[in-house]
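Please read them alongside the model.

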Amino acid sequence: MARLTPQKVELHGHELSYVDSGTGPVVLFIHGILGSQRQWSHLVDRIDDDHRVVVPDLFGHGESAKPTGDYSLSSHAATLRDLLDHLGIERVTLVGHSLGGGIAMQFYYLFPDRVERLVLVSSGGLGREVNLVLRSATLPGAAQVLGVIASAPVLERVEALGRGAQKVGWRPGADIGAIWRGFTSLGDRESRRAFLATTRAVIDFGGQSISAHDHLGAVQSPPTLIVWGSKDRMIPAWHAISAQKAVPGCQVELFEGAGHFPHLDDPDRFARVLRDFMAAA
């Protein structure tokens, strides 16, 4: 995505950054917690030759504003609706990863006429279980702890240890790389505040506090594809089977050996699966 220049639009009094590339049926990519539009950048060239690809930074993430306010799924969904209105786009295929999957499902629940298809990648909102690291962000004092461990001296030391380990043969996988890039974005207070507000909107210490199962049976689901990594340590892969039971007829693709970011572990396969799904559905 280096050849693409992100644009900005003011929504609700704050700037939202997004990439808009290509022409044709529209695909809207939604990243997860600590993510950004960069996590989808490798897919733009694979999709935008015959599709229009829209890739925003959610509020509180990336190059978008990090205001004090509402970071609920409904608020994010409404912001994406307003972005589509600004771009003159009526209907989209939604592709949501992790938190972005929860936002995609909430978007469909609120604005079903705007959604052609739904693609959920290692999605939140399909079960209670979630990694302890995210659950710990809901504890009292998390802001102070995060301010210390995301400080420049600590990050520099961890980065130096990582470089040393790579010299002796360690190769970080897609999960570690993506999570590290997200974690290093928390160096300023506004980013940390937005991260904690986003996490606490969907997670408590017991696990995920928002369940899409409350709504799945109440609406007619669009054509749905669920993609998961078999070695996801953030959200267990069996959530995909649970969702398949709740959404009859949905397609499930399990990426063997992949972690929480299957679209980064095997981008060629992901692009192929996505293209095949959009062509068939």
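Is Phe111 buried or exposed?

1. Phe111 is buried, at a relative accessible area of 17%; the cut-off for that label is under 20%. The model is a predicted one, and the value for Phe111 is computed from it.

2. The ring partner of Phe111 is Phe107, in an edge-to-face pair with 5.1 Å centre to centre and 70° between the planes. Phe107 also counts as buried, with 0% relative accessibility.

3. Searching the whole structure gives three aromatic pairs. One of them joins Trp40 and Phe270, whose centres are 6.4 Å apart and whose planes make an angle of 40°, which is a tilted arrangement. The cut-off on centres is 6.5 Å.

4. Where do Trp40 and Phe270 lie? Trp40 is in the loop between strand 3 (26–30) and helix 1 (41–47), while Phe270 belongs to helix 12 (residues 267–280). The pair therefore ties together parts that are 230 residues apart in sequence.

5. Trp40 is buried, with 1% relative accessible area. Phe270 is likewise buried, its relative accessible area being 1%. Along with Phe29, Trp40 and Phe270 make up one aromatic cluster.

6. Two arginines should be noted beside the ring pairs. Arg269 places its charged end over the ring of Phe255, at 3.9 Å from the ring centre. For Arg135, the charged end sits over the ring of Phe205, and the distance to the centre is 5.4 Å.

Methods: Residues are numbered from 1 along each chain as its sequence is written. This is a predicted model: local features need pLDDT of at least 70, side-chain atom pairs count only at pLDDT 80 or more; totals for chains, interfaces and linings use all residues. Side-chain values use heavy atoms; hydrogens and water are left out. Rings of Phe, Tyr and Trp (its six-membered ring) pair if their centres lie within 6.5 Å; planes under 30 degrees apart count as stacked, over 60 as edge-to-face and the rest as tilted. Helices (H or I, at least four residues) and strands (E, at least two) are DSSP runs, numbered from the N terminus. Buried means under 20% relative accessible area, exposed over 50%, partly exposed in between (1.4 Å probe, protein chains only). A charge sits over a ring if NZ of Lys or CZ of Arg is within 6 Å of the ring centre and within 35 degrees of the ring normal.
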